[in-house]
Amino acid sequence: MVTANATASAAHPSGTRPSKVLTLESMNPNIRTMEYAVRGAIPIKADELREQLKTQPNSLPFKQITPCNIGNPQQLNQKPLTFLRQVSALMEYADLLKPEMIETTRKLFPEDAIERAKRNLAYVSGAAGAYTHSLGIHEVRQNVARFIEQRDGFPANPNSICLTSGASGAVERVLDMLISSPNVGVMIPIPQYPLYTATLTRLNAQAIPYYLQEEDWQLSIGDLEGALAKARSSGIDVRALVVINPGNPTGGCLLDSNIAEIVQFCEREHLVLLADEVYQTNIYTETNPFVSFKKIVSQLGSQVELFSFHSISKGMIGECGRRGGYYEAVNIDEQIMGQLFKLASVSLCPNVMGQMAVDIMVNPPKPGDQSYGLYQEEIDGIYQSLKRRAKKLAEAFNSLPNMTCNDAQGAMYLFPKIEFPQAFIDEAKQLGQSPDSVYCMRMLESTGISVVPGSGFGQYPGTFHFRSTFLPPESLFDEFINGFKHFHTDFMGRYSSSPKI
Ligand SMILES: Cc1ncc(COP(=O)(O)O)c(C=O)c1O
């Protein structure tokens, strides 16, 4: 009989057996090299400082961490929508709907929340804790299809919709399908939301950058053509284009004319189009209303292969932790739809309560329903407040030396550009770090405000930015802005002798 020890020493005869099988050296190198700045060095440091404040509250020049690094509204006290939570509560503890409890329940919950919970429980045969269909509950997908039809004025097929645990899962799944070799390339915007570069690194594929134009954050078809031609001439098999609209981190919203040009470009160049539309209800401008890629594809009668993504994490819902989202697949080959179903089946099913939140997002209370008034009031209150905060923060950034910032037309972020003094750029170089990272770390250490350096999203060479959400609550907004202004003015003052200012 061969013992485990004997086997081990046979494999490592010199006795040099490493203590662990899984080490930094042996692990999947694609994951080792993958980066995700939104939860990178600065938020990690912010967590450390948060812990420090718990045990030594007076040890830092600020009293709390202000997490502006991530679009996570409820972390900054955004109130969840009452109807969504009422339905979820009733579904989670369905005993409240039993005949012996229902009278008590009626005193606490409105009738339409009770009816919705009963209906949604019926979709899952009463079992909110059971696996569902791998593509998501059929009735919820039907509601998503109706929502898309009403939004765009064109038909949508429930069988082309796949519910997922957040839009991230949907994006990863589609990229998984597309990448068949390390030579496959996907065009991504710069700046971009780092889910895309991270996933392409993990899948060992090529990210082909195209730059957004900072004056209005629209896409230049000439730039797309240039980036594509360059990649193809170096032998890369470019298969897809990612567009984020409204933009993260830019806050830009694409005009319908620009969307039409992008669709035609993809069709001409034989590219699958990935439209990330998770911020579709976060629009603060009259001039650039949200128009979906699906609508333009339908209007043009285009045959372009399209995946569009949506989520419950953003908008006025902000249920990031519930993990709900979906993709709609348009003009996708039937056999690929089958493969996508197989891929979804391997993860069994998306989060059930996330699916339920998607259902409420796409099918909210209607006029005449008991909860309609409150639902609208809550949505409008959050929307107006986001709009005010976006404007106020942009004004603050634009009032500062060496800083310019486009207004947020949409999404939850501002992406101000900073003109750093040469002396500081040299100092950062000596530290072996990018100047925007050093600036953001210093901001955190002196104000407790955690933002993400522009280099985490990519930026036009030679320019520097950071991304900040405008999510701190209005009651704390002036304090947040003043803290930032003080830091920035002080920072620039220190380098004011630099010849570049
Ligand atoms: C552009 C964009 N796409 C996708 C996501 C992921 O969203 P989810 O929470 O639904 O996974 C985010 C999250 O911030 C995002 O900004």
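I began with helix α11 (residues 256-269) and helix α12 (residues 293-300), which pack at an angle of about 70° with their axes 10 Å apart. I took helices as DSSP runs of H or I with at least four residues, numbered from the N terminus, and axes as lines fitted to C-alpha atoms over the stretch in contact, with angles from 0 to 180 degrees between N-to-C directions. α11 and α12 are therefore roughly perpendicular (65 to 115 degrees; under 35 is roughly parallel, over 145 roughly antiparallel, the rest oblique). Their crossing is right-handed, that is, the near helix is turned clockwise from the far one by less than a right angle.

I noted that this is a predicted model, where local features need pLDDT of at least 70 and side-chain atom pairs 80 or more, while totals for chains, interfaces and linings use all residues. Residues are numbered from 1 along each chain as its sequence is written, and side-chain values use heavy atoms, without hydrogens and water.

Next I looked up helix α6 (residues 111-123) and helix α14 (residues 352-362), whose axes are 12 Å apart at an angle of about 125°, so the two are oblique to each other.

A ligand oxygen lies 2.6 Å from a polar backbone atom of Ala-167, and a ligand oxygen is 2.7 Å from a polar side-chain atom of Asn-248. I also recorded that the protein buries 95% of the 400 Å² that the ligand exposes when taken alone (Shrake-Rupley method, 1.4 Å probe).

Note on methods. Polar contact = N/O pair within 3.5 Å; in protein donor to acceptor, adjacent residues only side chain to side chain.
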